[in-house]
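Here are some notes for when you have the model open. Have a look through them in any order you like.

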Amino acid sequence: MTHQLDPSNSSDEGRCPDESLFTIYHSTQISCLAATRNFIGALPVELLLAIFTHLYRSSRRLTPTGETWGLDDPLASLFPYAPAAVCSMWGSVLSSVPEFWTRVVIRVDSQHTRSRDVRRYFEWSRNLHLDVIITRHRDEFEGDDKGEKTKVFRATRELVRHIGRCRSIYFNVMYSSSLPSILHDFHQETAPHLHTLKLKCKVDDGGSPRRKLVHWSFDAPDLRHLYLDARNFFDVCIDRNNWLKRLRNLHSLSVSRYRQLSDKGIDLYKLLKAIEESPSLEYLELKDLHFSRLRPWTRVDNISIDLLSMNLEDLSGEVFSEIVGYVDSAPTATRISRCAITTCHHSLISGGVAFHDLSADQDLMTPLAHWRGRTLSLVNCACFHDEFLQDMIDGGPHDQSFACKG
C-alpha cells in the first residue's frame, strides 16, 4: 500500500513521498520518448519520401507561367526546413532530393541562418533553378538590430555564387544600409533565368557609402519584375546609363523608401524620365519617396508614361500631382494610399480608382473633378462623407458635368 501523507501526523513532517513513484514515472517517460524516437527512426525511407513529396507538392502553387513555391507559408513551418529539423534521419532523407531545396530561405533576424547551413542548402539543390528569400520574421521588424547588415552581407555573398541559377531573389530587411548594392555586389554577374528581383526595407537609414565604379554591368535579360529601394534605383538607372532601357521584358517596377537625410536629395523628374525609357513597363509603384526638387528648373514637356496600372503610397501633394500629370495614358487601375490629394492640379483618368487610408482633411473631389472612370473604391477613408456623396450627385463644386451626376 502506498503511504499517504497526513498533515495531522507529526511523524510525516519533512518527509517526501515514496521515491519509487518518481522512479517509475521517470522510467515510463524515458520509455515513451524512446518509443517515439524509435517510431520516427523506424519509418521506411520510401514512406518518408512519399510523405515529403506530398508536403512539397502542397507547398507549391500554379501560376500563369507555371508551378512555383507558395508565398503565404509562415517561416516556422516552411517546407523543407521544418521537417528537416525533426531529426538527423529526416534531414538526411530530405537532403537527397534536390527539388525540395529549390526555395532557399535565409533568416537574418535573431534566429538567423548559419552560414554553414546556407552553403548546405545551395549544395543540396544541386544545379536546379532557385528561388532565394533573405528575410526577417514578420514579428522582428521593430526595435534595433545592429548586426543585420553583417548577416545580410554573408547571405548575399553565398547568393552571388549561385546567381546564375536564380529565378527570383527577394530581400526583406529592416534597414536600407543592409540591402545589397546592385552596383557593386552584382557587378559583372549574369543571371539568365532571373525574372524577379526585390530589394525591400522598412527604414531608409541612408544606405551604404557610395563607391566609384566607372563601368558597370549586370546581365538579367529575362527580368520581368523589379522592386528596388530608391538608392539602388538611382545608382543603376539614373546616375549612369539607365539599366531600365536594357530590360526589354520588364513589366512591373517599384521604387520605394527614400528619406532626405542631407541637403542632397533625389530629383523627381530624373526618376520620371528614367521610368519613361523603360520599353515594356506596364505596372508602376512609387512608395514613401521624398524629393529635393518638386518643380523643374525649366519646363518639362517631353515626359509621357504609358501604363496599365499604378500604385502610389505615402507621397506629398506636389509629388502626387506631378506624377499624375505625367501619366498621360489611361491606366486600367490606380491605387492611392496615404497621399495628400487636395493640392492635385490634375484629374485622374484611370478606369478604376481606389483610395486607401486617406485622412479627414483630404478632398476627394479635387482629383476626381473630371474623372470619367467606371469603378471607384474607398477603403478606410475618413474624408468619405455625406458632402462628397452630394457632390457626386450634383456634379461637384469643380465640374458641373461630373461623370456620376444623377
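**Notes on the fold and some local details**

1. Let me start with the overall picture. Of the contacts (heavy atoms within 4.5 Å) in the protein chain between residues at least 6 apart in sequence, 67% join residues at least 24 apart. The chain has 12 helices and 17 strands, where helices (H or I, at least four residues) and strands (E, at least two) are DSSP runs numbered from the N terminus.

2. A word on provenance: this is a predicted model, in which local features need pLDDT of at least 70 and side-chain atom pairs count only at pLDDT 80 or more, while totals for chains, interfaces and linings use all residues. Residues are numbered from 1 along each chain as its sequence is written, and side-chain values use heavy atoms, with hydrogens and water left out.

3. Next, the surface. The protein chain exposes about 21500 Å², and carbon and sulfur atoms supply 52% of that area. Accessible areas come from the Shrake-Rupley method with a 1.4 Å probe, and for residues only the protein chains shown count as cover. Buried residues make up 45% of the 406 residues in the chain; buried means under 20% relative accessible area, exposed over 50%, and partly exposed in between (1.4 Å probe, protein chains only).

4. Strand E4 (residues 130-135) holds Thr 135, which counts as buried because its relative accessibility is 7%. Leaving aside residues up to four places away in sequence, Thr 135 touches Leu 75, Ile 106, Arg 107, Val 108 and Asn 172.

5. Now some backbone geometry. Most residues other than glycine have a negative phi, and most peptide bonds are trans. Asp 288, in strand E12 (residues 283-289), has a positive phi near 50 degrees; this residue is buried, with a relative accessible area of 9%. Asp 314 has a positive phi near 55 degrees and lies in the loop between strand E14 (309-313) and helix H10 (317-326). Asp 314 is partly exposed, at 26% relative accessible area.

6. Please look at the peptide bond from Phe 79 to Pro 80 as well: it is cis, with omega near 5 degrees. Pro 80 lies in the loop between strand E2 (66-69) and helix H3 (81-84).

7. How many disulfides does a search of the whole structure find? The count is zero, using a cut-off of 2.5 Å between a pair of cysteine sulfur atoms. Cys 166 is buried, with a relative accessible area of 0%, and Cys 339 is buried too, at 4%.

8. Finally, Leu 47, Ile 51 and Leu 55 make a nonpolar surface patch of about 220 Å². Patches are made of residues with over 30% relative accessible area and no salt bridge, with like charges joined within 9 Å and nonpolar side chains (Val, Leu, Ile, Met, Phe, Trp, Tyr) within 5 Å. A salt bridge is a side-chain nitrogen of Lys or Arg within 4 Å of a carboxyl oxygen of Asp or Glu. Leu 47 lies in helix H2 (residues 45-58) and counts as partly exposed because its relative accessibility is 39%.
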